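Welcome to this tour. Keep your viewer open, and select each part as we come to it.

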Amino acid sequence: MKIKLFKQEIEGSSIRQIERSSGEVLKNCYQCGNCSGGCPVSYEMDLPPSQAIRFLQLGKVEEVKKANSMWLCVGCQQCFSRCPKSVSAANLFEALRQMSLRQGKDHREIRDLPVSFLEKAPQQAIVCGFRKLVS
Amino acid sequence: MKIPYYPGCTLNTVAKGFDVSARESARALGFEMEELGQWNCCGASFPLSPDNLMGLTAPAKVLASAARMGDAVTTLCSVCYNVLKRTNKALRDDGEKRSVVTGFIEEEYDGSTEVIHFLEVLRDRVGFDRVRESVKRPLGGIRAAAYYGCMLLRPAGEVGIDRHEGPTIMEDLLSVLGCEPVDFPNKIECCGAHLAMTRTDVVERLSGNVLESAVDCGAEVVVTSCPLCQYNLEKSQAKVAERRAGYRHVPVVYFTQLLGIALGQSDEMAGLGENRWDVRPLLEAKGV
């Protein structure tokens, strides 16, 4: 795969916003892949954590935003737990979700939730789901 | 001994057995869990963006309420524990955040209340030896898989009630109660959590892996400390049974339910009837 890199993307405001909002420093990642190995949902992600971080290091925010990864991250922190450089991909995915949610773009419509789920699921699942997926 | 207690939203509704069995167990062990006079939901997720201060306000209110009752607060739900403990650290270590959050909730709080999980109360304040002495009905060597999931353990250094890769606190308790703990590879893996709302296929795979891993290692019951793990594990069993011939459903219980039974509680009090897969036939078979 060929991609074109642009200095203004790598040093752009989106990247700065992601770093500020997540509290992470993208350059700390040296791409060992432990996060993707430990991540329980990487099998289903368009971009597993380490690849998503690589795209962000190269300033390619849109590629990562288009991927399903941030909506699949469960925030279990196994990535952080296994990272030799203490980078949390979960924090980065949260920052990306927040960028989207703060613009009012919901990932899940509340009215589409099945009644059976709302009746039987523990409240914490609903509250947590709203926090992560609904603006 | 009295210890302030924060039940959280789910223990008042779908996980009542978790709450009642713990309170009664505490009484049998000689202390009281004193419910906070006023409390609200903790938000069920610690905001992973450090710039999201709104997410800290709900747990900060709980902590401020706890501080009026004592120097520590205990919880049962793994998620509540994680959220309160992390919020507490954020408020204690970061003066600027503290002043914004406490200003918003209009309550004073400095982060000095200690957040301890009920398992830690049993280990560090009561002592597992004393629990052993109080056991009236040893659990007959039931092979029990202690499932930790994420929130009791990670991120290490902030919330860990035990080593984050090889925890044993729950197994240590189960041994004391007369169970035979079963070690299994997926005991610290995620159950799928809130993806129950959007991606049941992912939850079924993750929870299914936990169940199969436990059963393959000989587990007769899976033990948890989180109502969401309990829900996901119970709900995913049908899928596991579909993909695996001869699979027998395993009960998924809260550790306090086994504790309660071992301390002599009735099945009703321990809420055994609330579990989707009944643990009572197993208890009978083991002569408990």
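**Stop 1: chain A as a whole**

Select chain A and colour it by secondary structure: you will find 10 helices and 0 strands. Follow the chain along its sequence, and the pattern reads α-α-α-α-α-α-α-α-α-α. Chain A has a radius of gyration of 16 Å, close to the 14 Å that the globule rule gives for 135 residues, so chain A is as compact as a globular protein of that length. Taken along the principal axes, the C-alpha atoms fill a box of roughly 50 × 30 × 30 Å.

Please keep in mind that this is a predicted model. Its scores are ipTM 0.94 and pTM 0.96. For chain B, the mean pLDDT is 96, and 100% of the residues reach 70 or more.

How much of chain A is buried? Buried residues account for 44% of its 135 residues. Now think about which parts of the chain meet each other. Taking contacts in chain A between residues at least 6 apart in sequence, 66% join residues at least 24 apart.

Next, colour chain A by domain. Select residues 7-103 for domain 1 and 107-135 for domain 2. The C-alpha centres of these two domains of chain A lie 24 Å apart.

**Stop 2: Leu72(A)**

Zoom in on helix α6 of chain A, residues 69-72, where you will find Leu72(A). Is Leu72(A) buried or exposed? Leu72(A) counts as buried because it has 20 C-beta neighbours inside 10 Å, and 20 is the number at which a residue is called buried.

Now show the partners of Leu72(A). Leaving out residues up to four places away in sequence, Leu72(A) touches Val41(A), Glu44(A), Met45(A) and, from the other chain, Val202(B). Try the distance tool on Glu44(A): this residue is 28 residues from Leu72(A) along the chain, yet their C-alpha atoms are separated by 7.9 Å.

**Stop 3: where the chains meet**

Show both chains together. The contact takes 34 residues from chain B and 35 residues from chain A. On the chain B side, select α8 (200-216) and α9 (227-235), the elements that give two or more residues to this contact. The largest share, 3 residues, comes from α9(B). Colour the chain B side by residue class and you get 21 nonpolar, 10 polar and 3 charged residues.

**Stop 4: the two domains of chain B**

Hide chain A for now. In chain B, select residues 2-118 for domain 1 and 137-285 for domain 2. Their C-alpha centres lie 24 Å apart. How many residues of each domain are in contact with the other? There are 22 residues of domain 1 in contact with 22 residues of domain 2.

On the domain 1 side, highlight α1 (16-28) and α3 (78-93) of chain B, which each supply at least two residues. The largest share comes from α1(B), with 9 residues. By class, this side of domain 1 has 10 nonpolar, 7 polar and 5 charged residues.

**Stop 5: the nonpolar core**

In soluble globular proteins, nonpolar side chains tend to be buried together. Here, the largest nonpolar core has 130 residues, and those that touch the most other members are Ala144(B), Ala145(B), Ala219(B), Val221(B), Val222(B), Val223(B) and Leu258(B).

Pick Val222(B) and show what surrounds it. Not counting residues up to four places away in sequence, Val222(B) touches Ala145(B), Tyr147(B), Leu211(B), Ala214(B), Leu233(B), Val250(B) and Val252(B).

**Stop 6**

Most residues other than glycine have a negative phi, and most peptide bonds are trans. Let's visit some exceptions.

- Select Arg154(B) and Pro155(B): a cis peptide bond joins them, with omega about -5°. Pro155(B) sits in the loop between β5 (143-146) and α7 (169-176) of chain B.
- Select Ser86(A), in the loop between α7 (78-82) and α8 (89-101) of chain A. Ser86(A) is not a glycine, but its phi is positive, about 55°. Ser86(A) is exposed, with 12 other C-beta atoms within 10 Å.
- Select Ala193(B), in the loop between β6 (180-182) and α8 of chain B. Ala193(B) also has a positive phi, about 45°, although it is not a glycine. Ala193(B) is buried, with 31 other C-beta atoms within 10 Å.

Technical notes:
Residues are numbered from 1 along each chain as its sequence is written. Chains are lettered from A and ligands numbered from 1 in the order in which they are written. This is a predicted model: local features need pLDDT of at least 70, side-chain atom pairs count only at pLDDT 80 or more; totals for chains, interfaces and linings use all residues. A nonpolar core is a set of buried Ala, Val, Leu, Ile, Met, Phe, Trp, Tyr and Cys residues joined through C-beta atoms within 7 Å. Two residues are in contact if their C-beta atoms, placed from the backbone, lie within 7 Å. Helices (H or I, at least four residues) and strands (E, at least two) are DSSP runs, numbered from the N terminus. Ala, Val, Leu, Ile, Met, Phe, Trp, Tyr, Cys and Pro count as nonpolar, Asp, Glu, Lys and Arg as charged, and the others, Gly among them, as polar. pLDDT is the predictor's confidence in each residue, from 0 to 100. The radius of gyration is taken over C-alpha atoms; the globule rule is 2.2 Å times the number of residues to the power 0.38. Domain bounds come from an automatic or database domain assignment.
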